[in-house]
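Work through these exercises with the sequence and the 3D view side by side. Try each task before you read its solution.

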Amino acid sequence: MYVPLLLQDFLKRAVYHYPQKTAVIDGERRLTYAEIETRVNRLANAFRSNGIVKGDRIAVLSPNRLEMYEAFYATFLLGAVIVPLNTRLMPADYEYIINHSGAKMFLVDAELAQLIEPVKTNLTNVKHYVSLQVEASITGTVGLFMMLCLKALRLPRYMKM
């Protein structure tokens, strides 16, 4: 029998078969599949509570690391569309891609924020800006994860500030 494996199913399957196995190693950070699932669900709920629904776009400007991985899965979980941005583009390129995609939310790595500053006011559809910052450490199975620090989001306080 043929059963398609959708993107959002990869994590569910891994959690079912290997919940306590290491899923991600990002520098000193190590998380199991079960911990990743918890973090992704919390992030997806944060997106949903801020008006992101199926078909909406979420732009992400971040290097390849844990926060990007979690954003991908949280976006897929909602049926939203992720718009990953190359970290080597010019500000005008970001403006075009984000406006053309219709992204409602923009996740930006704190270290890359200066790249969007020149065009931030020209991003017509973006309602929420999120600054991603790497945590110093992760404690507990719930995981304290990506810092959603802009006040416009008004997200529940489930992460270390």
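## Exercise 1: Two helices in contact

Ile36, Arg39, Val40, Asn41, Leu43, Ala44, Phe47 and Arg48 of α2 touch Leu66, Tyr69, Glu70, Ala71, Tyr73, Ala74, Thr75, Leu77 and Leu78 of α3. The model is predicted.

**Task.** Sort the residues of the contact of α2 with α3 by class, then describe how α2 and α3 cross.

**Solution.** 
- Step 1. Sort the residues. The contact of α2 with α3 has twelve nonpolar, two polar and three charged residues.
- Step 2. Two packed helices are described by the angle between their axes and the distance between the axes.
- Step 3. Read off both values. α2 and α3 pack at about 60°, and their axes are 8 Å apart.
- Step 4. Classify the angle. Roughly parallel needs an angle under 35 degrees, and roughly perpendicular needs 65 to 115. α2 and α3 are therefore oblique to each other.
- Step 5. α2 and α3 make a right-handed crossing.

## Exercise 2: A charged residue in the contact

**Task.** Is Glu37 buried, partly exposed or exposed?

**Solution.** 
- Step 1. Glu37 is part of helix α2.
- Step 2. Apply the cut-offs. Buried means under 20% relative accessible area, and exposed means over 50%. Glu37 has 27%, so Glu37 is partly exposed.
- Step 3. Find its partners. Beyond neighbours within four places in sequence, Glu37 contacts Leu11 and Val15.
- Step 4. Compare sequence with space. Pro19 and Glu37 are 18 residues apart in sequence, and their C-alpha atoms are 9.2 Å apart.

## Exercise 3: The nonpolar cores

**Task.** Which residues touch the most other members of the largest nonpolar core?

**Solution.** 
- Step 1. In soluble globular proteins, nonpolar side chains tend to be buried together.
- Step 2. Name the residues. The largest nonpolar core has 25 residues, and Ile36, Phe47, Ile52, Ile58, Val60, Met105 and Leu107 touch the most other members.
- Step 3. Trace the sources. α1, α2, β3, α3, β5 and β6 each give at least two residues to this core. α3 gives the largest share, seven residues.
- Step 4. Follow one member. Leaving out residues up to four places away in sequence, Ile52 touches Phe47, Ile58, Leu78, Ala80, Lys104 and Met105.
- Step 5. Look for another core. A second, separate core has 15 residues, including Ile98, Ala103, Phe106 and Tyr129.

## Exercise 4: The whole chain

**Task.** How many helices and strands does the protein have?

**Solution.** 
- Step 1. Count the elements. There are four helices and six strands.
- Step 2. Read them in order. The pattern along the sequence is α-β-β-α-β-α-β-α-β-β.
- Step 3. The protein has 161 residues, and 43% of them count as buried.

Methods:
Residues are numbered from 1 along each chain as its sequence is written. This is a predicted model: local features need pLDDT of at least 70, side-chain atom pairs count only at pLDDT 80 or more; totals for chains, interfaces and linings use all residues. Side-chain values use heavy atoms; hydrogens and water are left out. A nonpolar core is a set of buried Ala, Val, Leu, Ile, Met, Phe, Trp, Tyr and Cys residues joined through side-chain atoms within 4.5 Å. Buried means under 20% relative accessible area, exposed over 50%, partly exposed in between (1.4 Å probe, protein chains only). Contact means heavy atoms within 4.5 Å. Axes are lines fitted to C-alpha atoms, for helices over the stretch in contact, and angles run from 0 to 180 degrees between N-to-C directions. Angles under 35 degrees count as roughly parallel, over 145 as roughly antiparallel, 65 to 115 as roughly perpendicular and the rest as oblique. A crossing is left-handed if the near helix is turned anticlockwise from the far one by less than a right angle, and right-handed if clockwise. Ala, Val, Leu, Ile, Met, Phe, Trp, Tyr, Cys and Pro count as nonpolar, Asp, Glu, Lys and Arg as charged, and the others, Gly among them, as polar.
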